[in-house]
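Dear colleague,

I am handing over the structure below, and after it you will find what came out of going through it.

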Amino acid sequence: MPRLTHEEILLWLRETEPTALEQLFARADAVRHAFVGDAVHLRGLIEISSYCVRQCHYCGLRMARSIPRYRMAREEILACARTAVRLGFGTVVLQAGEDYGIEAAWLADVLRAIKEETPLAITLSLGERMPHELRLWREAGADRYLLRFETSDPALYAAIHPRRGAAVSDRIALLGELRSMGYEIGGGVMVGIPGQTYEMLAHDIELFEQLDLDMIGIGPFLAHPDTPLGVPGVPTAGAEQVPSSEWMTLKAVALARLACPEANLPSTTALATINSVDGREHGLQSGANVFMPILTPAPYRQMYQIYPGRTCNEEDAIRCNACLRGRIGRLGRTVGEGPGGRSARRGEADPLPCDAGHAADAAAVKR
Ligand code: SF4
């Protein structure tokens, strides 16, 4: 399938005409259908710790904030994993701030227990850890690692992610290491970071393809108000500033699907937060094929506030599951069975029967 050029990506990012954008979304939806099918995979999200040593200028969990924090116990994590199995999920995602209180050997034991007791795939999203720790977790059963690089522009990255002591942050290089360890790898970006230009976002999308990412998480930029970027008057890129809107996020999701047809793309919670009515559905109709329902126990959710107002904090996992399945069914899609990883799917994907653009036109009429 011919890929989009840099200029084409830029043109789409700048496009504002709704009819034209409907064609982009429909084209991405057709590519999604052809390469990863109609199944929407459910990944149960377990936020295992709210401690973090980092000071990201937009994040409610940044170390400088004096807030109540938690770290889940082994049995609590295992209980969430059992819930995931009961609800028919194929994967759990263990996510946390960059918390060195999560000891490598302790987590390896938890991973082994999940693997012994359940058929679940395990995705880790624990920040920049040492290679020997990442290798240990891979050997203990972790299947995938999600490390969003947030922007491919080094200066913008440095401006909003202060260094931790002398440590140099190179998430792109770390993703390469993770791949060499046998992980499926996931990256992703925020859309509408103050100072982010259309050129930068176009480069982000090209980087998804260059890294051949297995998973891509894209959400609108949402800053916690109690952070340096959460206050009014933050400098922007002027006329070249990418807005942190739903439409811009959907454009980035659609272009990511065209760049990486086989990748797993979540319709993110952040996207649902800026449009709580049907933001999730719009994500699924623009190229996404994954939902990530939250399994974190209720008392901890209030303490895991990367940004406030996170949509749908439905604390009852059974009700949340029913709601999501209803949303998926109303789109005429099915709920995915099993782990739903990219590598397991390879060789099974249908090639595009014809130019995706034709299918897109037909799908655009349906939307
Ligand atoms: S974005 Fe992640 S690494 Fe940065 S402060 Fe928040 S939890 Fe920590």
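A crossing is called left-handed if the near helix is turned anticlockwise from the far one by less than a right angle, and right-handed if clockwise. Please keep in mind that this is a predicted model, in which local features need pLDDT of at least 70, side-chain atom pairs count only at pLDDT 80 or more, and totals for chains, interfaces and linings use all residues. Residues are numbered from 1 along each chain as its sequence is written.

By that convention, H8 passes H9 in a right-handed crossing, and the two helices, H8 being residues 198-211 and H9 residues 246-259, pack at about 35° with axes 9 Å apart (axes are lines fitted to C-alpha atoms over the stretch in contact, with angles from 0 to 180 degrees between N-to-C directions; helices are DSSP runs of H or I with at least four residues, strands runs of E with at least two, numbered from the N terminus). On the H8 side, Leu201, Ile205, Phe208 and Glu209 meet Ala252, Leu255, Ala256 and Ala259 of H9, contact requiring C-beta atoms, placed from the backbone, within 7 Å.

Strand E1 (residues 39-49) is largely enclosed by the rest of the structure, because 10 of its 11 residues are buried, that is, have 20 or more other C-beta atoms within 10 Å of their own, placed from the backbone. E1 runs parallel to E2 (residues 91-96), joined by six bridges, with arginine 43 partnering threonine 91. Two bridges join E1 to E7 (residues 290-291), also in parallel, where leucine 42 partners phenylalanine 291.

Best regards

Definitions and conventions:
Two residues are in contact if their C-beta atoms, placed from the backbone, lie within 7 Å. A residue is buried if 20 or more other C-beta atoms lie within 10 Å of its own, exposed if 12 or fewer, and partly exposed in between; C-beta atoms are placed from the backbone. Two strands pair if DSSP finds at least two bridges between them.
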